[in-house]
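Me: I have just opened this structure and would like to learn how to read it. Could you walk me through it step by step?

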Amino acid sequence: GVELNRDYPFKNPDNPNDSRELDVGAVGGADAAYLVECKAEAPDRPLSTEYVRRFFCDTQPSFVRAKFGDHAPKKVLAEIWTTGVIDERARAAFNGLKLPKYVEARMLDRVGVEAEIPRSIEGGARLLATIALPAAAAR
């Protein structure tokens, strides 16, 4: 099933109770998983390199370990969806990641996210536009 906004144990020798929160996680059968991390930002705010690293290198493996234990799944689709900007720094951090071969990773900006939302969800694009209001307009 699909799980929303859940914490998963994170292996941290300095803090055995540490965890990583995931916005959307789903397991498909015994060998596949789908993860989406949503980052609502102003349309001109870049996705931070630390956020990219933390999701793909901390959160994603924490979810996989919690769901599959020592058994590596055949496929994990892990995505960051942001209403902000995926700039060159975020892309460089993403391209420098060392992920297991079974992980298919993507980052989607607002245009990419809008393309993923089914047309049957009438208010989806309006919702994204509202989430991504510039800070000045939101006041």
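Reply: Happy to! Helices (H or I, at least four residues) and strands (E, at least two) are DSSP runs, numbered from the N terminus. Glutamate 37, for example, sits in strand β3. This is a predicted model, where local features need pLDDT of at least 70, side-chain atom pairs count only at pLDDT 80 or more, and totals for chains, interfaces and linings use all residues. Residues are numbered from 1 along each chain as its sequence is written, and side-chain values use heavy atoms, with hydrogens and water left out.

Me: What is the mean pLDDT of the protein chain, and where is confidence lowest?

Reply: pLDDT is the predictor's confidence in each residue, from 0 to 100. The protein chain has a mean of 87, and 84% of its residues reach 70 or more. Confidence is highest in α2, at 98, and lowest in helix α5 (residues 135-138), at a mean of 46. Where pLDDT is low, the predicted coordinates should not be read in detail.

Me: Which strands pair with β4?

Reply: Two strands pair if DSSP finds at least two bridges between them. Strand β3 (residues 32-39) pairs with β4 in the parallel sense over 8 bridges, and tryptophan 81 of β4 is the bridge partner of cysteine 38. Strand β5 (residues 103-108) also pairs with β4 in the parallel sense, over 6 bridges.

Me: Is β4 enclosed or open, and why?

Reply: Buried means under 20% relative accessible area, exposed over 50%, and partly exposed in between (1.4 Å probe, protein chains only). In strand β4 (residues 75-82), 7 of the 8 residues are buried, so the strand is largely enclosed by the rest of the structure.

Me: What does a salt bridge look like here, and how many are there?

Reply: A salt bridge is a side-chain nitrogen of Lys or Arg within 4 Å of a carboxyl oxygen of Asp or Glu. That rule gives 13 salt bridges. One of them joins the side chains of glutamate 3 and lysine 67 (2.8 Å, N to O). Glutamate 3 belongs to strand β1 (residues 2-9) and lysine 67 to helix α1, so this pair ties together parts that are 64 residues apart in sequence. Glutamate 3 is buried, at 18% relative accessible area, while lysine 67 is partly exposed, at 33%.

Me: And glutamate 37: what is its nearest side chain of opposite charge?

Reply: Lys and Arg count as positive and Asp and Glu as negative; His and the chain ends are not counted. For glutamate 37 it is lysine 39, 7.2 Å away; glutamate 37 is buried yet has no salt bridge.
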